[in-house]
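Dear colleague,

I am handing over the structure below, followed by an account of what was found in it.

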Amino acid sequence: DKVTALIVAAGSGTRMGADTPKQYRRLAGKPLVRHAVEALARHPRITAVRVVIGAGQQELAREALAGLDVGPLITGGAERADSVRAGLAEIEDGIVLVHDAARPFCPPEVVDRLIDALGKADGAVPVLPVADTLAKGDSELRGTVNRTQLLRIQTPQAFHLEDLRYAYDEAGTGAPTDESTVMQHAGLKVATVAGDENLFKLTSPRDWERAEMMLAARMI
Ligand code: CTP
Ligand code: MG
């Protein structure tokens, strides 16, 4: 079966606050997006990798991905959902794994769990429990939320391509933050599999430091 990894790398990295968008900054000497692509490209069940980049990022992307087999680069859009949509339009049939370029470390077991789960669901996402107590509130607490029924959702997120296309068509022009939300709105069944702490997303400078330290300590 055909399994395509679609890496979305068309963001601007505002919260990282660096001059260059985070996906093109070097993490332990290698561009962040290249870490993400390589982690999926080396998985034996992934047959193709494609990358969605920002309109003005061709030069940066070509350099960051030099020598990797990612096919023609795809131009993304203003919101993440636009970038995913643009990517879906360029992929043929089979399974698609939508993944953030900002998540450099993807354990192969997570990919196996996702693909296996698609046997009995329309989609599958990696999840982790919430460790902290959660509450509503502003300057004072306005009620605690039961965290045992809450999940943290990571990427890659796995779908049968035709299901995800259908779900995006149903969604219209809104900009949900991830594919699993779109799928649920379309009434499709999204299974959960165990995620992994190493799949964390590099959002802030603190996340970047953590990733650098993990690589330096050979924890990855
Ligand atoms: N992304 C994308 N297209 C967009 C917005 C985001 O492809 N229009 C991608 C990012 O490149 C990233 C992933 O979606 O790999 C997750 O998004 P996030 O971590 O929010 O990255 P940015 O949007 O770049 O960062 P920020 O929100 O801080 O600006
Ligand atoms: Mg963003």
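A nonpolar core is here a set of buried Ala, Val, Leu, Ile, Met, Phe, Trp, Tyr and Cys residues joined through C-beta atoms within 7 Å, where buried means that 20 or more other C-beta atoms lie within 10 Å of the residue's own, exposed that 12 or fewer do, and partly exposed anything in between, with C-beta atoms placed from the backbone. The largest such core has 51 residues, of which Ile7, Val33, Val51 and Leu97 touch the most other members. In soluble globular proteins, nonpolar side chains tend to be buried together.

This is a predicted model, in which local features need pLDDT of at least 70 and side-chain atom pairs count only at pLDDT 80 or more, while totals for chains, interfaces and linings use all residues. Residues are numbered from 1 along each chain as its sequence is written, and chains are lettered from A and ligands numbered from 1 in the order in which they are written.

As for the chain as a whole, its secondary structure comes to 7 helices and 12 strands, these being DSSP runs (H or I of at least four residues for helices, E of at least two for strands) numbered from the N terminus. The radius of gyration, taken over C-alpha atoms, is 17 Å, close to the 17 Å that the globule rule (2.2 Å times the number of residues to the power 0.38) gives for 220 residues, so the chain is as compact as a globular protein of that length. Of these 220 residues, 38% count as buried.

Arg50 is found in strand β4 (residues 48–53) and is partly exposed, with 19 other C-beta atoms within 10 Å. The C-alpha atoms of Arg50 and Leu6 are separated by 5.0 Å, although the two are 44 residues apart along the chain.

In α4 (residues 108–117), Val110, Val111, Leu114 and Ile115 are buried; seen down the axis of α4, its buried residues fall within an arc of 130 degrees (the arc of the directions from the helix axis to the C-beta atoms), so they line one face of the helix. In α5 (161–171), the buried residues are Asp163, Leu164, Ala167 and Tyr168, and these too fall within an arc of 130 degrees, so they line one face of that helix. The face of α5 turned away from its buried side carries the exposed residues Glu162 and Asp169, and the helix is followed by Gly172, whose phi is positive, near 70 degrees. Helix α3 is mostly covered, with 7 of its 9 residues buried, and those buried residues pack against β1, β4, β5, β6, α5 and α6.

With best regards

Note on methods. Two residues are in contact if their C-beta atoms, placed from the backbone, lie within 7 Å.
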